[in-house]
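Here is a short walk through one model. Keep the sequence and the 3D view side by side as you read.

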Amino acid sequence: MKLLKADRALILWSLGIFLFMILPISPDSTVDRIGNDINYSDKVFHLILFGVFAFLLASTFQARNVKKVNIYIFGFLISSFYAGLSELMQLFTATRTASWGDFFSGVIGIAATFLIIYVRDRKK
């Protein structure tokens, strides 16, 4: 099976999420300071991070002519699984903590993405 542009984008984004989630963060890092200055900034970050993942996954499915209903169902399930897996990976990183709030923020981003895709597709 030949890799499409959508596949490559999804693979790169997935690897980026993986690396970001397992890399330790110093308490003095810029990311940590920004997070302290803006309440719930990490939740917004997870929402966007997994919303983009869901969009790229849906694009990959669409490029392969997967039926729309399967794009929504399997796209949501796979994206949510990856959001959960990213939280579990943080259990094995000394300076990170897994959080239900982060997981649910990711799921909200995923659901919002698929809702936007659904509305967009209905207009076509």
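A crossing of two helices counts as left-handed if the near helix is turned anticlockwise from the far one by less than a right angle, and as right-handed if it is turned clockwise. Keep that in mind for the helix pair below. Note also that this is a predicted model.

Start with the whole chain. The protein chain has 5 helices and 0 strands. Along the sequence the pattern reads α-α-α-α-α. The chain holds 124 residues, and 35% of them count as buried. Now take the contacts between residues at least 6 apart in sequence. Of these, 79% join residues at least 24 apart.

Next, pick out one helix pair. Two packed helices are described by the angle between their axes and the distance between the axes. Helix α1 spans residues 5–22, and helix α3 spans residues 41–63. They pack at an angle of about 155°, and their axes are 8 Å apart. Angles over 145 degrees count as roughly antiparallel. Helices α1 and α3 are therefore roughly antiparallel to each other. Their crossing is left-handed.

Which residues make the contact? From α1 come Ala6, Asp7, Ala9, Leu10, Trp13, Ser14, Ile17, Phe20 and Met21. From α3 come Phe45, His46, Leu49, Phe50, Val52, Phe53, Leu56, Leu57, Ser59 and Thr60. By class, the residues of this contact are 14 nonpolar, 4 polar and 1 charged.

Now zoom in on Thr60, a residue of helix α3. Is Thr60 buried or exposed? Buried means under 20% relative accessible area. Thr60 has 7%, so it is buried. Leaving aside residues up to four places away in sequence, Thr60 touches Ala6, Asp7 and Leu10.

Finally, move on to Asn65. Asn65 sits in the loop between α3 and α4, the latter covering residues 68–89. Look at the backbone here. Most residues other than glycine have a negative phi. Asn65 is not glycine, yet its phi is positive, near 60°. What about its surface? Exposed means over 50% relative accessible area. Asn65 has 69%, so it is exposed.

Thr60 is buried and belongs to helix α3. Asn65 is exposed and lies in the loop between α3 and α4.

Terms used. Residues are numbered from 1 along each chain as its sequence is written. This is a predicted model: local features need pLDDT of at least 70, side-chain atom pairs count only at pLDDT 80 or more; totals for chains, interfaces and linings use all residues. Side-chain values use heavy atoms; hydrogens and water are left out. Axes are lines fitted to C-alpha atoms, for helices over the stretch in contact, and angles run from 0 to 180 degrees between N-to-C directions. Helices (H or I, at least four residues) and strands (E, at least two) are DSSP runs, numbered from the N terminus. Angles under 35 degrees count as roughly parallel, over 145 as roughly antiparallel, 65 to 115 as roughly perpendicular and the rest as oblique. Contact means heavy atoms within 4.5 Å. Ala, Val, Leu, Ile, Met, Phe, Trp, Tyr, Cys and Pro count as nonpolar, Asp, Glu, Lys and Arg as charged, and the others, Gly among them, as polar. Buried means under 20% relative accessible area, exposed over 50%, partly exposed in between (1.4 Å probe, protein chains only).
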